[in-house]
Every structure is written in structure tokens, then in C-alpha cells.
Amino acid sequence: MKAQRRQLHLGLFLFGTGYHPAGWRLPEGRTDGAYDPQFLKETAQKLEKAHFDFFFLGDRLATSVDMQHLFPSQMTRLEPFTMLSYLAAATEKIGLIATVNTTYAEPYHIARMTASLDHLSKGRASWNVVTGSDTRAALNFSREKHWDNAKRYDYAEEFIEVVSGLWDTWEDESLPRDKAAGRFADPDRVHDLNHHGEHFSVAGPLNVARPVQGQLPLITAGTSARSQGLAAKYSDMVFTGTNVKETAQAFYREVKGRLKEHGRQPSDLKVLPGLVPVVGRTEEEARAKYNELNALVVTDFNLQPLSDKLGIDLTGYELDAPLPDLSASQTALHWAELARKANGREDLTVRDLFYFFTVTVRGHLLIVGSAGQVADVIEEWFEDEAADGFNVCPPYMPGGLDLFLELVVPELQRRGIFRTAYDGSTFRDHLGLAKPANRFALQLKG
Ligand SMILES: Cc1cc2nc3c(=O)[nH]c(=O)nc-3n(C[C@H](O)[C@H](O)[C@H](O)COP(=O)(O)O)c2cc1C
């Protein structure tokens, strides 16, 4: 029998109005998608029809109206557990990833919420553990300042230990609900946690039965050394954001290389960069859409942030001037090369580079092209071990997603690198992870 090729993991990173800052201004772009239950339901159902691994919802704990021109989707949005509980009822297979910021939460609360979502979805819930990069959150939680990186990650690590322990406080067989014997619960299979650590004292047990998956898959998405350490120890999947294949490969090697310190295998952690696919039925159609989107960006064309990024001062240039000599900066040469690929031509102007920088400011991989061209880049990153899959960020909704599902997914399936059916029904199944034994049950048997 022919061995099956390694398979991609694909998920939707939901930006209600699309990843592109002007996605909502297209004539066909939805402006209120992430608030409309019908739209959300249809989106999750079409992802499931395409056999996507997951639907992912980011979250931040602060906002301001000045985000409207760059991050309109993230300025206001629904709370993740509320939205995902609703979607759990409208779907059957797709993984549902909720972001939870540990810095401003209590583990007992989060253990309840994650376990509840896992029951409601029959084993499809997952937690994206973030410590928060928006320092303004402190002011919304009665604190004067956001903790530094070290404290945030110390706290997060203990937080994960407590949540993970609470999930195990009820064994799978702890609720026999035996009518004849009058035995609803088995006290021998219910355990206190009695955690006493640096930040938390939690007695347990949890007041929700063990999650269907036992332990929910954990996701992390930080870039700092501490975040990578957290990923190596606990994560099942790590999200990244880079448009440089060599950087993605270096991260892939580095983070997977650290797994053995924790007795884990490289395949235990999936690495998923973000992908922004501007897809067309032809290459020309895709480029026309990219240009149409860019022309709708609301901006004062401040060239300072771009100049800072490139290390070359562009502030004195006319927007429609050809790009000057950028050879003094490798970064600038690289960004210009990426922008040339996106535009599909060599003779770029300062304006073209400005747009490319503005729309990819979060650093995800933007590809403009036909389905074959987009699939080529996906396959190349996948085969060259820069990625185990992608966190797909459609540039506008719903058309940007629809074209990806209609044109790119079948192409990936034809190439034998993406599933044509789900093998199981839980998110752990999609990731190829077995259900872990309960730590307390092991103690009893040992
Ligand atoms: C794809 C992706 C998604 C992310 N989603 C969130 C999010 O929803 N909320 C959040 O606070 N941070 C999010 N982050 C940011 C990271 O969690 C982290 O705070 C940031 O990368 C800085 O990492 P560091 O503090 O480890 O340096 C995301 C990062 C990436 C790459």
C-alpha cells in the first residue's frame, strides 16, 4: 500500500471584515460579518465542508477607535467563548479555538469555560494561550501596568499547570449515573488538585466533568524566547507570522528542536504561519483584486513607519516615484522583492511598497495569484519544513474565503497534501493526537 503523504493542517483565522484593512470597503465585502450569527454559522459550516482543521478566534482586552483604518476587524469583536459555543451547535467536526489571555484571568474560570466548550462541541475545543501584547489592557483590569514578559510567562506557565490539573480532577468514569445502584458519582474517581504555587492556590475539584478530549489541544502564538519555551513544553500547535521562508524554517527547526527537552517528538507540535491568499480565477484577476483593495486603504501615506522598518529613509520621496536604490538594507531588498511578487511587476513605486507594507504589517505571508500559484507556495513551504499548515486569513469576507475554498483547497487535495474527509470527530483527532491518560487515574493504578 502506498504510504500517505504528510498532511497539511488548515484553519481560518477570523477577521470579520477580512485581513486586508480595506476588505470591508469592497462593494462585495461584508462590513458586519463577525456580528451576524447567520454569517458566522455559514462560515463555520463551509469550512467544515472543506475539511478544515479549525476555526480560530483571536482576542485582545483593550481597544481604541484609532484602530479603524488598520485593524477594523479587531477594533470591536465578539467574546470568543460566546461565539464558539454558538458555532459548536451549528457544526460537527471542525476544531474551535478560543483565545484566552492568562494575565487577566483566573485558572478555575478558564478551566470551566474551556471544559464546557469541549462538552458542548463533543471534543472540538482548544485554547490559544496568550499573555497579551497590548499594554493598555492593564487599565481595564484595575492595574497600573502590564507585567513584563518574564512575569507574564511565569504566570502563564503555572496557569496552564492548574487548568490542565483541574481538567483531570474528574476521571472519565467518575460519573457512573447508575440508576439501579443509586450511584451518581464515584468518589474514588474524583480528586482534589491541592495546588499551592507561586501565583495560585486552587483546591479543586473542578465543577465540570473531564473534557471529552481529556486535555484540550493548546495553542501558543508568541515570538519571544519565553513563548517558544512555552510552546516546546505545552503546545500542540504554534501560530507564527512571517513572510520570509528562511525565517519560518529557522523557527520551525528551533522550536521543534526544543521538544526533546520535554520528552516530545517533533511531530507533536504543528507550526502554522499565517497566510493571506488573494486568489483569483486567473493571475490577472487576483492582481486586479489586490490593486482594488489597496486603492481603498484610508491612509495619510506617512512613510516614517515603512522607513523605520526598512532602515532607509523614504520620507522625502514622491509616492509615484520609482523605488530608489535599496541595496544598503537587506530588509528593504527583501520587502521590495515580496512586493514585486505581489504586484507581479518589476517597476515598483514608493506607493506600491507602502501599500504592501501597510497591508502585511502583521507579517503574515501574502500571496497574490491563481489557485495553482497559491498552492505552489503552500506546497513549497510545507515540503521545505517552513510550515505544517497555515492559519488562513482571507483578505476580505466572504469572497476571499470562498475563492480559497473553491479553488485552492481542491488543488491541494489533488496534490495529495490535504484531507478529503475527516478521520475522526475531535480536534485532537484532526491533529493526530491520542487522548491522554488521566494523571490521577495513573496514580491510583500505580
Ligand atoms: C497568528 C497570531 C495570532 C495571535 N493572536 C493573538 C491574540 O488573539 N491575542 C493576543 O493577545 N495576542 C495574540 N498574538 C500575539 C502573541 O500571543 C504574542 O503576544 C506576541 O506575539 C508577542 O509575543 P511575546 O510576548 O512572546 O514576545 C498572536 C500572534 C500570532 C502570531
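A salt bridge is counted here when a side-chain nitrogen of Lys or Arg lies within 4 Å of a carboxyl oxygen of Asp or Glu. In this structure the side chains of Asp388 and Lys256 meet in such a salt bridge, at 2.8 Å from N to O. Asp388 lies in the loop between α12 (371-383) and β11 (389-392) and Lys256 in helix α7, so the pair ties together parts that are 132 residues apart in sequence. Helices (H or I, at least four residues) and strands (E, at least two) are DSSP runs, numbered from the N terminus.

The model is predicted, so that local features need pLDDT of at least 70 and side-chain atom pairs count only at pLDDT 80 or more, while totals for chains, interfaces and linings use all residues. Residues are numbered from 1 along each chain as its sequence is written, and side-chain values use heavy atoms, with hydrogens and water left out.

**Salt bridges**

By this rule the count comes to 36 salt bridges. One of them joins Asp53 to Arg419, with the closest N and O atoms 2.9 Å apart. Asp53 lies in the loop between α1 (37-49) and β2 (54-57), and Arg419 in the loop between α13 (399-414) and α14 (427-430), so this pair ties together parts that are 366 residues apart in sequence. Both Asp53 and Arg419 are buried, where buried means under 20% relative accessible area, exposed means over 50%, and partly exposed means in between (1.4 Å probe, protein chains only). Arg415 forms a salt bridge with Glu411, the closest N and O atoms being 2.8 Å apart, and these two residues also belong to a network of salt bridges that links Arg5, Asp376, Glu379, Glu383, Glu411, Arg414 and Arg415.

The table gives the relative accessible area of residues from two of these pairs.

| Residue | Relative accessible area | Class |
|---|---|---|
| Asp388 | 5% | buried |
| Lys256 | 10% | buried |
| Arg415 | 18% | buried |
| Glu411 | 17% | buried |

**Annotation and domains**

In an unreviewed UniProt entry, the annotation "domain: Luciferase-like" covers residues 29-383; UniProt positions are given in the numbering used here, feature names are shortened, and annotations may be inferred rather than shown by experiment. The end C-alpha atoms of this span lie 34 Å apart, and the span is 40% helix and 13% strand.

Counting a contact as heavy atoms within 4.5 Å, 13 residues of domain 1 are in contact with 11 residues of domain 2. Domain 1 and domain 2 bury about 1,100 Å² between them, 72% of it on carbon and sulfur atoms, where buried area is the accessible area (1.4 Å probe) that two parts lose on being put together, summed over both. In domain 1, the residues His20, Arg25 and Asn243 lose the most area to domain 2, together 38% of what that side buries.

Helix α6 (residues 225-234) is mostly covered, with seven of its 10 residues buried, namely Ser227, Gln228, Gly229, Leu230, Ala231, Ala232 and Tyr234. The elements that cover these buried residues include β4 (125-130), α5 (149-167), β7 (218-220), β8 (237-240) and α7 (245-257). Ser227, at 2% relative accessibility, touches Tyr153, Ala221 and Gly222, not counting residues up to four places away in sequence.

**Loops and backbone details**

The loop between β6 (201-202) and β7 holds Val208, which counts as buried at 14% relative accessibility. Val208 and His119 are 89 residues apart in sequence and 9.2 Å apart in space, C-alpha to C-alpha. Leaving aside neighbours within four places in sequence, Val208 is in contact with Arg112, Ala115, Ser116, His119 and Trp170. Pro205 also has its place in the loop between β6 and β7, and a cis peptide bond, with omega about -5°, joins Gly204 and Pro205. Another cis peptide bond joins Met397 and Pro398, with omega about -5°, and Pro398 is placed in the loop between β11 and α13.

Lys122, a residue other than glycine, has a positive phi near 55°; Lys122 sits in the loop between α4 (107-120) and β4 and counts as exposed at 64% relative accessibility. Glu385 has a positive phi of about 55° although it is not a glycine; Glu385 is found in the loop between α12 and β11 and counts as partly exposed at 44% relative accessibility.
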